[in-house]
Amino acid sequence: MRRLHISSLLLVFALVVSCSQQRPNGKDISITWGLVGNYYDGDLFLSQLQLKNNGTSSLENKNWSLYFNFCRKYNQDKLPKEITIEHVNGDLFVLKPTKDFKALAPGDSVKFDLYGGYWTLNESDAPAGFFFVFDNGKGETTIEETGALTVLPFVTEKQLNRAATDKVVCENETVRFDRDSSLSVLPLAAVCPITPTPLSYSIGKDSLLIDPSFVIAADKDFAASAAFLQMQWEKLLTAKPVTKELDKKESDKQVQLIKDANLKGDAYELLVSKTKGIAIKAGTNTGAFYGVQSLLALNPANASKSWKIVEITVKDKPRFAFRGLSVDVGRNFQPKETILKIIDAMAFYKLNKFQFHLTDDEGWRIEIKELPELTQVGSRRGFSADEKNMLLPSFGSGAFPDKNSGSGYYTQADFIEILKFATERNVEVIPEIDFPGHSRAAIKSMLARYARLKGEGKTAEAEQYLLNDLQDSSKYESVQMWTDNVICPCQESSYNFIKTVFNSIQALYKEAGAPLTTIHTGGDEVPHGVWEKSPKCAELIAKQPELAQLGGISNYFLTRISDIINEKGLITAGWEEIALAKVKEGDVVHHIPNPAFINKNFRPNVWNNVWGWGQEDFAYQLANAGYKTVLSNVTNLYFDLAYSKDPKEPGYYWGGFTSTKKAYEFIPLNIYQNASVDLLGNPLDMKNLATKVRLTPQGKENILGIQGQLWTENTKSGAMAEYLLFPRVLALSERAWAQDPTWAQTSDAALRNQLLNTSWNEFANRLGQRELPRLDALDKGIGYRLPPPGLVISNESAYLNAEFPGLAIHYTTDGSDPTEQSPVYSTPFPLKKGTVVKAVTTNTLGRASRISTAIAQ
C-alpha cells in the first residue's frame, strides 16, 4: 500500500507539472525577419516577422508577451488583427496576441506583415534581442529568451533602395571592380613612408640598421618621449635600449632628441642618416613625441630584433591643433582594452583629442562613488517592470543584464588607467557627460536612489540629486524614441548632481596627473515639448518671466552649467545645439548663432551638414560669429555610418555612407567644394548651395580642427568598434594633420577630380602596402575592415582588384570558400562556362574579407 501511495503522489505531481508547462519554452520559438521592401504606400516599408514553434506544446493566444528592440516604429493602422505591437520606450517594443491569434501548434509557423515608417536598408536594421515574458495567470512571470533569429537576405530592388528616387548605387563585386579599376599598384618607393603625410620629406639613397646597440640620448625636457621610444623599441628589439641625457655627440648608433626653440607646438624635424644616426628636433615634448612616432613609422611592419630604415629628412607640423576622435560607450559599452587600443592607434597617427562619450540614455559608464546608483542601476540593461535595478533593454541587449555590451562601466581605477595611458601618448581625454537630453540613465539611477532613501524616511536626502520634476506631465519623444530622457533644469537638485559628477571627474584627472581643459556637455537633440507642463519650470518662469521666451529655459540651463565649468577654469564644449538659438519668423522656427554665449568660452562640435537638409553651413555660421568650432561633419566623419550601400555592411545611413575615401576627401574649410548629390544620390540644387555661408578670414581662424565620431548603437563588441573605425581613422588623421592638398584648392571640377584620384591612389597604396600590415602588428593587431575585392567576368576570364592596392586577393574556382591558402590573384585567368569564382582579400594575420562571388555565363 505504501508503494502504491508514493506512485500515486508521483503521478499527481507529474500531472501538475505537465499542466503548469502547457506552453513551449522561449527557446522553442525561433524568429525569422525579412524585409519585403521599401516605399510601400508612400514612405512605408513592409517587413515580415515569422514565429516558428519547434517545441512540443502549443503557443496559445494568452499569457505571453514578446519583447524586442527595433530602430523603426510600426504603423498601427496596418497591424494584423492577430497581434498588437506597443512602443514601450526607446527602441523597445512588445508584441502581444489578441483573441484572433490562432494557437501555434508544434511544428507550425505564423507570419505577420508589418509596416513601418520610412525604410530599412541594412541587415543590422533588423529587430533584435527577442525574449518572452510568460504569465502563469497568477501574477507570476517568467522571462525566457527565444530561439535563433534569422535575418533574410536583401536582394530585390525595393529591398536595396530607400525610395524610387534613391540613386545611390548598391555595392556589389561588379560595382567595386568598376570603382577601383582606376587604381594601380605603385612601387613601394613611390608610397609615402609616414602617415599622416609630413609637411615635407626627402628620402636618401642608403639605410640605417636598428639593433640593440642603439642608445637614446634626450634633452631632459624630452625624457617622456625618450621613455616612450625605449618602451616601443624594447618590444621589437627584445632588449631594452640604453637611455641617457643628451650630449650632442653624433653617432650612427644613437637617437638624439634635441630641443630647438624655433620649433613651436607639435612641430618637429627628423633626420635619419647612415653615418650620423638619428636626430629628432622639437620645441616641446609633444613635438618630440610626434618625431618619435614618425621614426617608428619607418619600421617595417614585421620589425623584430634588428631591421633597416631608410635615410630620410622630415620637416613637419600639423595643419590643425585639434585632431579628435569621439567614441560613444553609452549605447554599447566598450571594454577598457578596446579603448586603450584605440588611443594607442590615435597617438601613432598623431590624433590628440579623445572625446569619451561616457553617458547616454542607454547607459552610464563611469563610477561616481558619491552616487553609486549611477553604475549599480545606470550601467546595467535587462528586463525590469520598474527599472529600480536596471535600465530597459536597448539595441538588442536582451532580457538579462551583465551578459553583453548592454551592461558595463569603468571603475575609477579603470578610468585613471585610461587617463594615464592617454597622457603618456599626448592624447587629451575630453569627458562627455550628456545634458540635458540623452540623460535617461542618470535620471533612472537617481530615481532609484530617491526610492531607496524615501523608503528609509530620508526625504531631504532622497531629493538632493533628483534629475526630473516628479510632477512634470510634459509629453515629448526624442529622436531615439525616448519619452523621459531630459533632466529638469528648473530645480537645484539637477545642479547638485552636475557639480558632484564634475567634481568627482576632476579629482580623477588630478589623481592620474592628466590634463583636464574641457568638459563636453552634449546638449544635443532636446525634443520639442520638454518642460511645458513642469510645475518646477512654471515656478521658475514666474520668478524670471524672460525665461518664457523661445529657448529661455535652455539658455538658463546652459548659463548655469557653463558657470559651473568656468569656475573650474575649463572650456564648455558641446554639440552644435549649445551655440544655436531658435528664432521664430511667422510659423517657422530656424536657428542662428546664439549671441549670448559667443564670449562664454563655448566650443561647439558641429555635426549636421546632411546635403539637402538646409543646415549645411551651421559650422561656418558659428565660426564666423566668433565661436571656436570643431568640425564633426556627419557626411564624412561619422564612422558609425555604413562604409557603403550594401545590406551586409553594419551601421546606420541617415547621414549617408562613409567610405574611407569619403573621409579622405573631406575639405574642412570649403565643404561645398566636392558636394554634388543629396542623401539619395540626386543632384544638389547648386543655386541653393551657393547661398550657403562661406567662411570669412576670421571664421577660418576659429576652425580649431576636425573630429571623427563613432556612435555605438550597432557596435556591440570591441571587434566591431575596430571594424568601423579602421581604416577610416587613418583618413581622418591625414585630413587633420597633413597640409591642405592641391586638389582641395582647385576650383575646376574636372582637374580637381583628376588630382584627387591621383592623390587617393597613392593613399590607397599606402594603406594596402604599409599601414594595414602595420595595424596587424600594432598592439596585438587591430581588426580593421578588409574590403571585399572587386570581381568581374569578361571575355571568359576573371578579373579581380582591391580597394587598397597591395592587399593579397585569394580566390577559388571550385565553389569552395577561399582562404589564405587559396591561390593568390596576379593576372586575369580563363574560366569555363558555369565556373563559380569566389574571392577575398586577406591580411598578414590570415583574416579575410567577406566573399565576392561571380559565375561564368
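Strand 18 (residues 353–357) is mostly covered, with five of its five residues buried; buried means under 20% relative accessible area with a 1.4 Å probe, protein chains only. Strands (E, at least two residues) and helices (H or I, at least four) are DSSP runs, numbered from the N terminus. This is a predicted model, in which local features need pLDDT of at least 70, side-chain atom pairs count only at pLDDT 80 or more, and totals for chains, interfaces and linings use all residues. Residues are numbered from 1 along each chain as its sequence is written, and side-chain values use heavy atoms, with hydrogens and water left out.

In a regular strand the side chains alternate between the two faces of the sheet. From strand 18, Lys353, Gln355 and His357 point one way, while Phe354 and Phe356 point the other way; all are buried.

Strand 18 has parallel partners in strand 17 and strand 21. Two strands pair if DSSP finds at least two bridges between them.

| Partner of strand 18 | Bridges | Direction |
|---|---|---|
| Strand 17 (residues 322–328) | five bridges | parallel |
| Strand 21 (residues 428–435) | five bridges | parallel |

Phenylalanine 354 stands opposite valine 429 in strand 21. On strand 17, serine 326 stands opposite glutamine 355 of strand 18. The chain passes from strand 17 through helix 6 (residues 336–348) to strand 18, a right-handed β-α-β crossover; right-handed means that, with the strands pointing away from the viewer, the path from the first strand over the helix to the second runs clockwise.

The protein chain as a whole contains 21 helices and 34 strands. Buried residues make up 57% of its 857 residues. Its C-alpha trace spans about 100 × 80 × 75 Å along the principal axes.

Note on methods:
Buried means under 20% relative accessible area, exposed over 50%, partly exposed in between (1.4 Å probe, protein chains only).
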